[in-house]
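Me: I would like to learn how to read a few features of a protein model. Please give me the general idea each time, then the case at hand.

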Amino acid sequence: KWIVSGSFDSTLKVWDAEMGEESRTLQGHTGFVRAVAVSPDGKWIVSGSKDETLKVWDAETGFLVDSIVCDGGPTSIALHGARIYVGCMNSTIAVYEYRP
């Protein structure tokens, strides 16, 4: 349902995949967005930034639900169940439990 893109201007653009239109811009990072993932059920967006944080967003409303400090700076994100898997600049993988 959603396509999400991250940008060098620290924002995310959320696109409605069915309509092919931008539906909202998400702001909250202070560094460029390196990675983005949408939960399999389409309810959550997780973004990772050069600012060394992960942000969890409500995909329907664009509301920032949580911010998680991610040591090493996130470069990739995968979601599975209540887990957020993050590849980091320091050559590690971090796993966070998230239950919104």
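Me: Does K13 count as buried, partly exposed or exposed, and at what relative accessibility?

Reply: Bear in mind that this is a predicted model. K13 has a relative accessibility of 27%. Buried means under 20% and exposed means over 50%, so K13 counts as partly exposed.

Me: Which residue forms a salt bridge with K13?

Reply: The general idea is that side chains of opposite charge can pair when their charged atoms come close. Here the partner of K13 is E22, and the closest N and O atoms are 3.5 Å apart. E22 is also assigned by its accessibility: at 37% it counts as partly exposed.

Me: How many salt bridges does a search of the whole structure find?

Reply: The search finds two. Besides the pair K13 and E22, there is a salt bridge between the side chains of R83 and E97, at 2.7 Å from N to O. R83 belongs to strand 9 and E97 to strand 10, which covers residues 93-97, so this pair ties together parts that are 14 residues apart in sequence.

Me: What are the relative accessibilities of R83 and E97?

Reply: R83 has a relative accessible area of 38% and is partly exposed. E97, at 45%, counts as partly exposed too.

Me: Now the sheet. In what order do the four strands of the open sheet run, and is the pairing parallel or antiparallel?

Reply: In general, strands of a sheet pair through backbone hydrogen bonds, either parallel or antiparallel. In this model the order is 4-5-6-7, and the pairing is antiparallel. Strand 4 (33-38) and strand 7 (64-69) are the edge strands, each pairing on one side only. From one strand to the next, the twist averages 20 degrees.

Me: Over how many bridges do strand 6 and strand 7 pair?

Reply: Strand 6, residues 53-58, pairs with strand 7 over five bridges in the antiparallel sense. As for individual positions, K55 stands opposite S67 of strand 7.

Me: What is the volume of the largest pocket, and which residues lie nearest its centre?

Reply: The idea is that rolling a probe the size of a water molecule over the atoms shows where empty space is left. The volume of the largest pocket is about 170 Å³. Its lining has 13 residues, and S39, W44, L79, G81 and A82 lie nearest the centre.

Me: Which strands each supply at least two residues of that lining, and how does the lining divide by class?

Reply: Strand 5 (44-49) and strand 9 (83-88) each supply at least two. By class, the lining has nine nonpolar, two polar and two charged residues.

How values were computed: Residues are numbered from 1 along each chain as its sequence is written. This is a predicted model: local features need pLDDT of at least 70, side-chain atom pairs count only at pLDDT 80 or more; totals for chains, interfaces and linings use all residues. Side-chain values use heavy atoms; hydrogens and water are left out. On a 1 Å grid over the protein atoms alone, a cavity is a set of points where a 1.4 Å probe fits but cannot get out, and a pocket is an open set with protein on both sides within 12 Å along at least five of seven lines; lining residues have an atom within 4 Å of a point. Grid points are joined across faces, edges and corners, and a volume is the space filled by probe spheres set on the points. Ala, Val, Leu, Ile, Met, Phe, Trp, Tyr, Cys and Pro count as nonpolar, Asp, Glu, Lys and Arg as charged, and the others, Gly among them, as polar. A salt bridge is a side-chain nitrogen of Lys or Arg within 4 Å of a carboxyl oxygen of Asp or Glu. Buried means under 20% relative accessible area, exposed over 50%, partly exposed in between (1.4 Å probe, protein chains only). Two strands pair if DSSP finds at least two bridges between them. Axes are lines fitted to C-alpha atoms, for helices over the stretch in contact, and angles run from 0 to 180 degrees between N-to-C directions.
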